[in-house]
Amino acid sequence: PELIIPLRSKGRIKHSIKLRFTVELKKAEEEEVARIDILTPKLIEKLQSFVGKLSARDLNGAHGVQVIRQHLLTEIPAAFAPIEVNDILITDFIIQ
């Protein structure tokens, strides 16, 4: 999915993050993919809540990508189990 999430800010300058990622599965049957489609909105809500508590400074540079990726690597496999997640690929990470 592609997300635009407002970041926590102090002062008048407001920042947001444009984030797009892909979940790579080891193998999924058709019914499992349907289950993933049902779970995705809840995962997006959790991600928006997590990221919305961070500031642009928290996410600046390669460290920011790693913070988001680590969060996704924790949340997504737990939610999708028993479907195995092979990797999570962050394709867009832009702080605006």
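Modeller: Start with a rule. Two strands pair if DSSP finds at least two bridges between them. Keep in mind that this model is predicted.

Colleague: How many bridges join S1 and S2, and is the pairing parallel or antiparallel?

Modeller: Strands S1 (residues 2-6) and S2 (residues 16-25) pair in the antiparallel sense, over five bridges. Glu-2 stands opposite Arg-20 in S2.

Colleague: Which residues of S1 lie on the covered face, and which on the uncovered one?

Modeller: Leu-3 and Ile-5 form the covered face. Glu-2, Ile-4 and Pro-6 form the uncovered one.

Colleague: What is Ser-16 in contact with, beyond its neighbours within four places in sequence?

Modeller: Two stretches of the chain. One holds Ile-4, Ile-5, Pro-6 and Leu-7. The other holds Ile-94, Ile-95 and Gln-96.

Colleague: Now the charged pairs. How many salt bridges does the structure hold?

Modeller: Six. For each one, check the N to O distance, then ask where the partners sit in the chain. Take Asp-58 and Arg-8, whose side chains meet in a salt bridge at 3.3 Å, N to O. Asp-58 is in helix H2 (residues 56-59) and Arg-8 is in the loop between S1 and S2, so the pair ties together parts 50 residues apart in sequence.

Colleague: How accessible are Asp-58 and Arg-8?

Modeller: Asp-58 is partly exposed, with a relative accessible area of 30%. Arg-8 is also partly exposed, with 38%.

Colleague: Arg-20 faced Glu-2 across the strands. Which residue does Arg-20 form a salt bridge with?

Modeller: Asp-92. The closest N and O atoms of that pair are 3.1 Å apart. Arg-20 is in strand S2 and Asp-92 in strand S3 (residues 85-95), so check the separation: this pair links distant parts of the chain, 72 residues apart. Arg-20 is partly exposed, with a relative accessible area of 32%.

Colleague: Which helices does the salt bridge of Glu-75 and Lys-46 link?

Modeller: Distance comes before location. The side chains of Glu-75 and Lys-46 meet at 2.8 Å, N to O. Glu-75 lies in helix H3 (residues 62-80) and Lys-46 in helix H1 (residues 30-52), 29 residues apart. Glu-75 is partly exposed at 21%. Lys-46 is partly exposed at 41%.

Colleague: Which residues do salt bridges with shared partners join into one network?

Modeller: Glu-2, Arg-20 and Asp-92.

Colleague: Back to the helices. At what angle do H1 and H3 pack?

Modeller: Read angle, axis distance and hand together. The angle is about 145° and the axes are 11 Å apart. The crossing is right-handed.

Colleague: Which residues meet where H1 packs on H3?

Modeller: From H1 they include Ile-36, Leu-39, Leu-43 and Phe-50. From H3 they include Val-67, Ile-68, Leu-72 and Ile-76. Lys-46 and Glu-75 take part too. Count by type: twelve nonpolar, one polar and three charged.

Colleague: One backbone check. Where is the cis peptide bond?

Modeller: Most peptide bonds are trans. Here a cis bond joins Ala-81 and Pro-82, with omega about 10°. Pro-82 belongs to the loop between H3 and S3.

Definitions and conventions. Residues numbered from 1 in each chain as written. Predicted model: local features only at pLDDT ≥ 70, side-chain atom pairs only at ≥ 80, totals over all residues. Heavy atoms only, no water. Buried < 20%, exposed > 50% of the residue type's maximum accessible area, 1.4 Å probe, protein only. Helix = DSSP H or I, 4+ residues; strand = E, 2+ residues; numbered from the N terminus. Salt bridge = Lys/Arg side-chain N within 4 Å of Asp/Glu carboxyl O. Axes fitted to C-alpha atoms, helices over the stretch in contact; angles between N-to-C directions. Left-handed = near helix turned anticlockwise from the far one by under 90°. Contact = heavy atoms within 4.5 Å. Nonpolar A, V, L, I, M, F, W, Y, C, P; charged D, E, K, R; others polar.
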